[in-house]
Amino acid sequence: MNLGSMIEESCSRFPERIALIHEGKRITYAELNRAVNALENHLKKLGIGKGDHISIMLPNSPDFVISYFAAQKIGAVVVTINVMSTPYELHHFLHNSDSKVFITVTSSARRYEEIKDKLPLCKHLILTDEKEDSQFRTIVNQGPFELETAGIDGDDDAVMIYTSGLTGKPLGAVLTHNNLMTQAALLKVLGDGDENDRALAVIPFFHSFGAAANMIAILKSGASTVLMERFTLDTIFAAIQNEKVTYICAVPRLFLGMLFH
């Protein structure tokens, strides 16, 4: 199995269940599948195919999830970028990864505009925000919504993440579909999770831990995940209470802060 077929299976098994909760808005698995398919078809029109690199610089939002799995279904490699990256850092990530598409929020477009002339391959910019007439919203709403998934093997590259670069420039580390699928399977066993769970996603999805623990593992189970772009300890506890959260996978420092709070 690969990440593309995984999300297809979950959407087929749990079409009416809630997949994503974001700022009060609920997205079912059926709605998620339609949006993923629409974006994949758009990427195909741009000439993107298996093995091409697509960079995503987005917070924990439905658009991150849609972009991530649209790339996986097409067999492309997702390059996840820290939303705080400077134009200098962004140039390194986009150029070094040979990315052909860059997906980000409208407010970050200026960072790309500053460096686009130095990027020979990355010529496609897709912008998103909360407006219904945004470029991203238009793409996922207009379809087409049917597609044929690319032939993808478990050992194919799925994601490229960048190291912190403490002793030099950040280096791209590649994860395969099997890498991420086995992590998700392990977390499901450790948490004894099923489709009735509701997770809280506070660790950024652009980190491999955040993506595996709070996105892939949850969607593989058919459960729901509450997406938080920004948070305080008060908003974390409010989300737990209001959304009946049953699962949190985070770093020890967060749990320590919750205990003291």
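Modeller: Strands here are DSSP runs of E with at least two residues, helices are runs of H or I with at least four residues, and both are numbered from the N terminus. This is a predicted model, in which local features need pLDDT of at least 70 and side-chain atom pairs count only at pLDDT 80 or more, while totals for chains, interfaces and linings use all residues. Residues are numbered from 1 along each chain as its sequence is written, and side-chain values use heavy atoms, with hydrogens and water left out.

Colleague: How many bridges join strand 1 to strand 2, and are the two parallel or antiparallel?

Modeller: Strand 1 (residues 18-22) runs antiparallel to strand 2, and four bridges join them. Two strands count as paired if DSSP finds at least two bridges between them.

Colleague: Which helix packs on that sheet, touching strand 1 and strand 2?

Modeller: That is helix 2 (residues 29-45), whose direction makes about 75° with that of strand 2. Contact means heavy atoms within 4.5 Å. Axes are lines fitted to C-alpha atoms, for helices over the stretch in contact, and angles run from 0 to 180 degrees between N-to-C directions.

Colleague: In what order do the five strands of the open sheet come?

Modeller: The order is 2-1-10-9-11, with mixed pairing. Strand 2 (25-28) and strand 11 (247-248) are the edge strands, each pairing on one side only.

Colleague: Now the six strands: what is their order?

Modeller: They form an open sheet, also of mixed pairing, in the order 6-5-3-4-7-8. Strand 6 (124-128) and strand 8 (172-176) each have a single partner strand, so one side of each lacks a neighbour in the sheet. On average, neighbouring strands of this sheet are turned by 20° against each other, direction ignored.

Colleague: How do strand 5 and strand 6 pair, and which residue stands opposite Ile103?

Modeller: Strand 5 (residues 99-105) pairs with strand 6 in the parallel sense over five bridges. Ile126 in strand 6 is the residue opposite Ile103.

Colleague: Which helix packs against strand 7 and strand 8?

Modeller: Helix 7 (residues 177-191) touches both, and its direction makes about 70° with that of strand 8.

Colleague: Turning to helix 8, is it mostly covered or uncovered?

Modeller: Helix 8 is mostly covered, with 11 of its 14 residues buried; among them are Met215, Ile216 and Leu219. Buried means under 20% relative accessible area, exposed over 50%, and partly exposed in between (1.4 Å probe, protein chains only). Gly222 follows the helix and has a positive phi, near 80°.

Colleague: How many salt bridges does a search of the whole structure find?

Modeller: The search finds eight, a salt bridge being a side-chain nitrogen of Lys or Arg within 4 Å of a carboxyl oxygen of Asp or Glu. In one of them, the side chains of Lys100 and Asp52 meet at 3.1 Å, N to O. Lys100 lies in strand 5 and Asp52 in the loop between helix 2 and strand 3, so the pair ties together parts that are 48 residues apart in sequence.

Colleague: Is Asp52 buried or exposed?

Modeller: Asp52 counts as buried at 14% relative accessibility, whereas Lys100 is partly exposed at 29%.

Colleague: And what does Arg137 meet in a salt bridge?

Modeller: Its partner is Asp63, at 2.9 Å, N to O. Arg137 in helix 6 (residues 135-142) and Asp63 in helix 3 are 74 residues apart. Arg137 is buried at 12%, and Asp63 is buried at 8%.
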